[in-house]
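Please look over the sequence and the structure shown here before reading on.

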Amino acid sequence: MTATDMTTSGKTAPDYEYALEIVDLTIDVDKHGERVPAVKNLTIRVRPGESHGLVGESGSGKSLTLRAVMGLFSKGAHYRSGSIKVCGKEVLGPSAPNYDPVIRGKGVSMVFQEPAVALNPIMKVGWQIVDALREQEHLSRADARARAIELMESVGITNPEDRFDSYPFELSGGMRQRVMIAAAIACKPKVLLCDEPTTALDVTIQQQILDIFRSIADSGTALLYVTHDLAVVSQLCGTLSVIYHGRIVEEGTLRDVFDTPKDSYTRQLLSSTPYLKGVMKAAKTGDDNGGVDNSVDNSDGNADSGRKGA
């Protein structure tokens with residue numbers, strides 16, 4: 001069974017255009033005794049099956065935006081205005097001032113940046129997936145265990161029956177991230193949020209995790225991928241938004257943004273990633289959705305060698 005089997009099939013056309021629609025979102029944070037805007041009139045729309053990148057430096061409001069979609073406001077963060085809709089239903093906004101957590105799991109789910117922190121350190125990893133399945137899918141304990149093992153196998157965990165009873169500290173960083181992904185897709189979410197999930201992984205494992213995310217998006221799940229790494233975006237996303245100090249300063253297809261960046265901050269990001277010289281060339285010859293031709297040679301003549309090491 002593959003990761004695709006664990007998510008939405010995408011065979012039936014939904015009655016909404018966007019799986020995730022964030023419009024004019026403003027979030028304030030407490031700073032020096034007063035509230036200041038950290039996310040400012042932010043708008044992002046992601047269609048079913050689309051992989052959309054949200055790119056910017058640390059502190060730009062990327063993770064805060066994802067947490068708002070999940071209704072997970074940390075202490076000192078406050079929703080001020082705007083609207084968030086998941087599959088056409090407003091979960092935060094004028095008609096939903098109080099976030100409804102029921103949407104989590106089947107509607108929207110999230111892969112956090114550091115699974116060692118997100119996973120319960122004193123609970124075996126398999127049972128953490130089982131808990132999500134039993135709560136959302138109302139499966140029996142035995143059925144949920146069998147499903148959890150299938151999920152672990154689908155994200156590339158070897159010997160899932162044995163790994164099921166492992167504690168997080170007994171697994172490598174890559175294995176913990178796979179467990180986190182399995183838990184996130186367990187209830188077949190329509191929207192999957194990814195908060196820099198490959199930052200702490202070596203390049204080989206990073207590539208394998210990105211392949212899993214591609215499979216999930218191909219199944220019809222909308223993917224919003226947060227990162228500061230444009231090289232990662234070039235491998236996964238067809239569209240992207242660039243955020244700077246809480247505002248979207250540029251958006252468009254991968255090809256458009258990489259080929260003809262309009263904002264000075266975007267140009268700085270592109271120029272600060274040496275590998276992107278090859279990516280920008282690839283973007284010009286990519287598909288109509290802004291995707292990149294992975295077979296394009298880099299300047300040293302080795303096909304895709306730079307991509308694997310990005």
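Predicted model: local features only at pLDDT ≥ 70, side-chain atom pairs only at ≥ 80, totals over all residues.

Which element gives the most to the lining of the largest pocket? Helix H3 does, with 7 residues. Residues are numbered from 1 along each chain as its sequence is written, and side-chain values use heavy atoms, with hydrogens and water left out.

The protein chain has 310 residues, of which 52% count as buried (buried means under 20% relative accessible area, exposed over 50%, and partly exposed in between, with a 1.4 Å probe and protein chains only). Its secondary structure comes to 12 helices and 10 strands, where helices (H or I, at least four residues) and strands (E, at least two) are DSSP runs numbered from the N terminus. Among contacts between residues at least 6 apart in sequence, 65% join residues at least 24 apart, a contact being heavy atoms within 4.5 Å.

The largest pocket has a volume of about 580 Å³. A pocket is defined on a 1 Å grid over the protein atoms alone, as an open set of points where a 1.4 Å probe fits, with protein on both sides within 12 Å along at least five of seven lines, and lining residues have an atom within 4 Å of a point; grid points are joined across faces, edges and corners, and the volume is the space filled by probe spheres set on the points. Of the 26 residues that line this pocket, the closest to its centre are Ser109, Phe112, Ala132, Met180 and Ala183. Strand E6 (108-111), H3 and H6 each supply at least two residues of the lining, which divides into 18 nonpolar, 5 polar and 3 charged residues (Ala, Val, Leu, Ile, Met, Phe, Trp, Tyr, Cys and Pro count as nonpolar, Asp, Glu, Lys and Arg as charged, and the others, Gly among them, as polar). Domain 1 (16-101 + 204-279) and domain 2 (108-188) both give residues to the lining, so the largest pocket lies between them; the domain bounds come from an automatic or database domain assignment.

Ser109, one of the residues closest to the centre of the pocket, has its place in strand E6 and is buried, with a relative accessible area of 9%. Not counting residues up to four places away in sequence, Ser109 touches Met70, Ala184, Pro189, Val191, Leu192 and Leu193. Between Ser109 and Leu192 there are 5.1 Å in space, C-alpha to C-alpha, although the two are 83 residues apart in sequence.

Leaving aside neighbours within four places in sequence, Leu193 is in contact with residues including Leu20, Leu66, Val69, Met70 and Ser109.

Helix H1 (residues 62-70) is mostly covered, with 7 of its 9 residues buried, among them Leu66, Val69 and Met70. H1 is followed by Gly71, whose phi is positive, near 70 degrees. In the loop between strand E3 (51-55) and H1 is Gly59, which is exposed, with a relative accessible area of 81%.

Leu171, in the loop between helix H5 (160-163) and H6, is buried, with a relative accessible area of 7%, and its contacts beyond four places in sequence are with Val125, Arg163, Ser166, Arg176 and Val179. His138, in the loop between helix H3 (125-137) and helix H4 (141-154), is exposed, with a relative accessible area of 66%. Its phi is near 55 degrees, a positive value in a residue other than glycine. Phi of Lys188 is also positive, near 55 degrees; Lys188 is found in the loop between helix H6 (173-185) and strand E7 (191-195) and is partly exposed, with a relative accessible area of 35%.
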